[in-house]
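The sequence and structure come first, followed by the points by topic.

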Amino acid sequence: MTFMNAWLALRAGGCGVVVGFALALVGGGGSILAVPLLLYVVGVRDPHRAIGTSALAVSFNAFANLLPHARLGHVYWRAAATFALAGVCGAWLGSTLGKAVDGRRLLALFALLMLVVAGFMLRGRRGDGVDRYPLPWSGPRLLGTGLVAGMLAGFFGIGGGFLIVPGLMLAGGMDILHAIGTSLFAVGAFGLTAAINYALSGLIDWPLAAAFIAGGVAGGWLGAAAATRLGRRRGALQMVFAAVIVMVALYMLARAASGR
């Protein structure tokens, strides 16, 4: 491995640490930073290749973080399977559409989605203390919500945690703890579906993905430890993280507008 390749892998691993730490610390949303980090820090030139690579990394990290939640009983497996079944179909369709969209336009749309996600984070999650799962007709509701969330996740190559968690709470009546645990199965399934679709078109940088995944696992451990100590300040952390997302989104919009 040359020095430049080693430096590239180190940058990818460092970005993975940031994403994994954010995911574990605020309960989701860190994956939405993966694409801009790959583009503007690691230096991936093709937006589609950055999306495909991030989708693979997000999927692996989601399945890795699913295990501790499952051991604690935070996963409703039937709901997870129902949501993921519809979402995988949506993710395949969304990722197929995403590959056909001009890269600069795709980044602009991605930045707009980041602003929407930041708005949801700043607004806060409501009704997160009462677990009412399953609601009447929760099966069809989960299928419909999963299809929409999967399409958006596949189109932008993200895990979609901040789309999936509110969707599970709304469609299934889950409290936030079970929604987060259950969402990780869907996040992994959506990301894997998008990654396979992009891989078939040769749009994944496998060495970078491996370095990003390794960093994400390490960052997840650090973030989980920090979240345990800073649990009461979780709301404040979400506000800070939302502010970071807004700044990155505005930067991406400026880059897209300038044609860079």
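## Chain overview and a helix pair

The protein chain has 10 helices and 0 strands. In sequence order, the pattern reads α-α-α-α-α-α-α-α-α-α. The model is predicted.

**Whole chain**

- The protein chain has 260 residues, and 50% of them are buried.
- Counting contacts in the protein chain between residues at least 6 apart in sequence, 85% join residues at least 24 apart.
- The protein chain has an accessible surface of about 12,000 Å². Carbon and sulfur atoms account for 70% of that surface.

**Geometry of α6 and α8**

- Helix α6 spans residues 138-156, and helix α8 spans residues 176-200.
- The axes of α6 and α8 come within 9 Å and cross at roughly 45°. Because of this angle, α6 is oblique to α8.
- The crossing of α6 with α8 is right-handed.

**Residues where α6 meets α8**

- On the α6 side, the residues in contact with α8 are G146, A149, G150, A153, G154 and F155.
- On the α8 side, F190, A194 and Y198 meet α6.
- Sorted by class, this contact between α6 and α8 holds 6 nonpolar residues, 3 polar residues and no charged residues. Gly is counted as polar in this sorting, and the α6 side includes G146, G150 and G154.

Notes:
Residues are numbered from 1 along each chain as its sequence is written. This is a predicted model: local features need pLDDT of at least 70, side-chain atom pairs count only at pLDDT 80 or more; totals for chains, interfaces and linings use all residues. Side-chain values use heavy atoms; hydrogens and water are left out. Axes are lines fitted to C-alpha atoms, for helices over the stretch in contact, and angles run from 0 to 180 degrees between N-to-C directions. Helices (H or I, at least four residues) and strands (E, at least two) are DSSP runs, numbered from the N terminus. Angles under 35 degrees count as roughly parallel, over 145 as roughly antiparallel, 65 to 115 as roughly perpendicular and the rest as oblique. A crossing is left-handed if the near helix is turned anticlockwise from the far one by less than a right angle, and right-handed if clockwise. Contact means heavy atoms within 4.5 Å. Buried means under 20% relative accessible area, exposed over 50%, partly exposed in between (1.4 Å probe, protein chains only). Accessible areas come from the Shrake-Rupley method with a 1.4 Å probe; for residues, only the protein chains shown count as cover.
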